[in-house]
Amino acid sequence: MKIDLKQKIYAFHDLALRPSPFASWAKPKANMLSVKRSRYLGDNSEVLWNIKNDGCGVSDHIEMAGFYASSIISYGNDKAGRLRLMRHLTVPTLRFQPNLTGSSFSHNFNGDVFNVAVNGRKINEYPAFISIKGNLRIESNADCETKTIRELLPAVNYGALIEAVTVVNVSRFSQEYSVQAEKYSKVLNEFWCIGGKITAQCSVLFDDTFKSAEKRSRKFILRPNESLKFYCVYYAYQNKLLPAFSVSEEINARRSFVDEMFTSLKLKTPYPELDAQLSHCILRGSESIFKTKSGLMHSPGGGNYYAALWTNDQCEYANPFFPFSGYQAGIEQSINCYSLYEKYMDKSDKPMKDKRALVTSIIAEGDGFWNGAKDRGDGEMYAYGISRFLLEMSDVKLIDRFWDNLVWCLDFALSRKNANGVIASDSDELENRFESGNANLFTSCITYDALGNAAVLAEIVGDNVHKQLWESEREKLKAAIESYFGSNVEGFDTYRYYDGNKDLRSWICMPLTVGIFDRADQTIKALFSPRLYNNGMMKSTSANNTTWDRSLLFALRGTFLAGYAEKGIEETIYYCKNRLLGSHCPYPFEAYPEGNRAHLAAESLLFARIITEGLFGLKAVGLNKLRINPQLSKACSDISLQNIRLFSKCFDITANQKGISVIYDGNTYQTDKSDTVFDFNSCSFI
């Protein structure tokens with residue numbers, strides 16, 4: 001009875017307290033996933049959509065975030081071509097009971113709380129032109145020879161979504177415009193809330209200062225081409241209203257952040273779509289960082305995952321990217337993330353084989369954890385991520401700070417070797433959605449990579465014992481991966497994912513991403529065969545139509561790393577045209593049908609790593625030492641990456657058929673080698 005009651009509470013919890021993050025009309029059917037849209041790339045990397053060219057009843061959704069709130073905007077038009085908008089606001093630090101992973105307060109603001117009338121007639125808006133560059137901008141033609149422009153963006157420093165509305169008289173005559181706004185306020189009963197009732201409101205403002213929600217109205221006489229502007233602020237609070245703030249200052253803060261992300265790590269190739277996709281991905285991957293009572297936390301988003309950390313999304317996927325861009329909030333939250341996992345490492349006197357595995361996620365601003373799939377290889381994910389992060393930072397004090405954690409994770413991993421020499425775990429990062437056996441390819445591959453990176457770190461700190469141990473175990477594990485997982489699957493000499501696996505799995509790309517290329521040719525052919533890959537999407541398994549972008553992003557990186565530059569650039573450009581300019585834009589997404597292709601943040605940074613680690617072949621291989629192995633192709637033979645911040649430095653890299661150049665501290669260093677290491681200690685190629 002207790003279990004049934006608990007399940008009923010959780011079911012009510014989801015139905016009553018967690019509104020759907022997506023409007024019902026913004027959930028596409030399977031046959032609409034690859035539909036063409038009238039989207040194209042603007043001169044400043046904006047994604048532009050002539051929505052009127054695509055008819056009526058079309059839609060999309062996008063997520064955007066500041067430090068205190070995240071919003072998913074469903075947008076489009078109805079069957080009559082009229083504007084549709086739903087704003088899903090999540091405030092991660094407002095919590096309700098029971099305090100689960102998804103217990104961040106959220107609320108749907110559906111439609112408008114204001115009416116615009118011209119000469120006494122309420123107008124309808126018909127969206128014509130939509131642009132995205134961090135913010136969502138919608139230009140509409142309206143009744144009575146009127147044009148409207150809406151810009152939706154998250155406040156940076158407050159738990160709010162801002163919508164700036166501009167109304168323009170495009171007639172040849174003066175017209176009377178009136179704006180009437182109703183008071184909008186919804187209260188969540190304090191029975192469900194932690195710390196008191198939570199109130200969701202929308203305030204319509206005719207000046208720059210945020211005020212509480214009230215009924216407001218104004219009238220204006222606009223001459224031809226004159227405009228009026230007002231703001232809608234969507235927010236939630238507990239016990240005390242948000243303090244007064246300047247709406248324009250928050251808008252400028254968001255625009256400055258967008259500009260910073262689009263210039264922080266600048267890619268130049270013959271493909272504008274590729275260059276722009278990187279910038280959009282850096283923005284999405286960097287904005288989903290929240291200020292919580294346990295410090296900064298990078299979180300996936302998607303309507304479900306906030307103020308929480310995962311060993312895959314954060315420790316493994318996102319954190320190893322931030323040293324490349326140098327985004328300070330990203331680096332700070334990475335250090336905080338790795339620190340928060342410390343207390344979940346079983347450092348008791350028990351033998352290592354008897355110790356508890358590292359938990360999967362730290363939830364609820366650090367107040368709890370989730371471990372529902374048992375050991376997913378979480379300690380191995382932590383070791384993989386932190387070993388790369390520490391090399392990329394090349395800060396000896398930071399290495400010393402996390403040394404014991406790295407040792408613990410690798411000791412734990414090695415204690416889980418089975419009789420065949422591979423690493424056992426209860427599940428993998430897909431958490432039993434698909435069979436993964438008692439030992440899976442993913443866990444062993446990230447352990448292999450972590451052992452190699454850790455051996456380099458051991459050399460830096462002068463720990464020769466661990467250096468020799470980890471180098472030896474790494475070679476043994478590589479042989480075990482080949483003997484245990486190497487197999488012919490569906491006619492391809494590639495890898496089985498686990499003992500007994502008969503169908504192709506997308507995670508067969510993992511050996512390629514960690515430098516194991518023995519079966520590269522057949523593995524790449526299997527990955528991009530119709531059994532797994534179609535219309536720019538990769539199935540998790542050939543036996544099921546579910547697609548996840550994360551494994552495709554790993555596969556693209558692995559294709560470059562294995563030296564298949566032509567295939568790598570071909571499929572990556574195709575990916576950009578599908579994500580940046582396709583039916584659902586502009587970011588990588590999580591899964592379909594699960595999650596309605598949510599714009600989870602770490603997936604965007606997995607794309608960024610295709611460029612840094614794949615296309616440019618960048619990997620920290622020592623203290624301030626960088627391997628550079630660009631993968632040039634016929635179509636992409638001259639590339640550059642500017643403002644790289646590895647090792648807390650700032651430098652550019654260019655590569656072409658003549659060789660590689662590193663531009664650092666006002667000097668240019670060149671080599672005709674195509675695979676080299678640059679030592680920033682001596683400023684020379686070695």
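Ser394 counts as buried in this predicted model, because its relative accessibility is 12%, below the 20% under which a residue is called buried. Ser394 sits in the loop between α7 and α8 (396-415), and its phi is near 50°, a positive value in a residue other than glycine. A positive phi is also found in Lys374, where the angle is near 60°; this lysine belongs to the loop between β23 (368-370) and α7 (378-393). Lys374, however, is exposed, with a relative accessible area of 56%. Such backbone values deserve a remark because most residues other than glycine have a negative phi, and most peptide bonds are trans.

The bond from Cys585 to Pro586 is cis, with omega near 0°, and Pro586 lies in the loop between α14 and β29 (591-592). The bond from Tyr592 to Pro593 is likewise cis, its omega being near 5°, and Pro593 is placed in the loop that runs between β29 and α15 (601-615).

Turning to helix α12, which spans residues 520-527, one finds Ala520, Thr523, Ile524, Ala526 and Leu527 buried. Viewed down the axis of α12, these buried residues fall within an arc of 160°, and they therefore line one face of the helix. Their packing partners are β25 (492-495), α11, β26 (533-534), β27 (537-541), α13 and α14 (565-579).

Two of these partners, α11 and α13, are among the elements that pack against the buried residues of α12 and also contribute to the second largest pocket, where α9 (441-461), α11 (510-513), α13 (549-561) and β30 (619-622) each supply at least two residues of the lining. The largest share, five residues, comes from α9. This pocket holds about 480 Å³ of space and is lined by 23 residues, with Arg474, Val514, Lys619, Val621 and Arg627 lying nearest its centre.

The cysteines remain to be considered, and the structure holds zero disulfides. A disulfide would require a pair of cysteine sulfur atoms within 2.5 Å. The sulfur of Cys193 is 20 Å from the closest cysteine sulfur, that of Cys202, and so is too far away for a bond; Cys193 is buried, with a relative accessible area of 4%. For Cys409 the closest cysteine sulfur is in Cys315, at 8.5 Å, which is again too far for a bond, and Cys409 counts as buried at 0% relative accessibility.

Note on methods: Residues are numbered from 1 along each chain as its sequence is written. This is a predicted model: local features need pLDDT of at least 70, side-chain atom pairs count only at pLDDT 80 or more; totals for chains, interfaces and linings use all residues. Side-chain values use heavy atoms; hydrogens and water are left out. Buried means under 20% relative accessible area, exposed over 50%, partly exposed in between (1.4 Å probe, protein chains only). On a 1 Å grid over the protein atoms alone, a cavity is a set of points where a 1.4 Å probe fits but cannot get out, and a pocket is an open set with protein on both sides within 12 Å along at least five of seven lines; lining residues have an atom within 4 Å of a point. Grid points are joined across faces, edges and corners, and a volume is the space filled by probe spheres set on the points. Helices (H or I, at least four residues) and strands (E, at least two) are DSSP runs, numbered from the N terminus. The arc is that of the directions from the helix axis to the C-beta atoms. Contact means heavy atoms within 4.5 Å.
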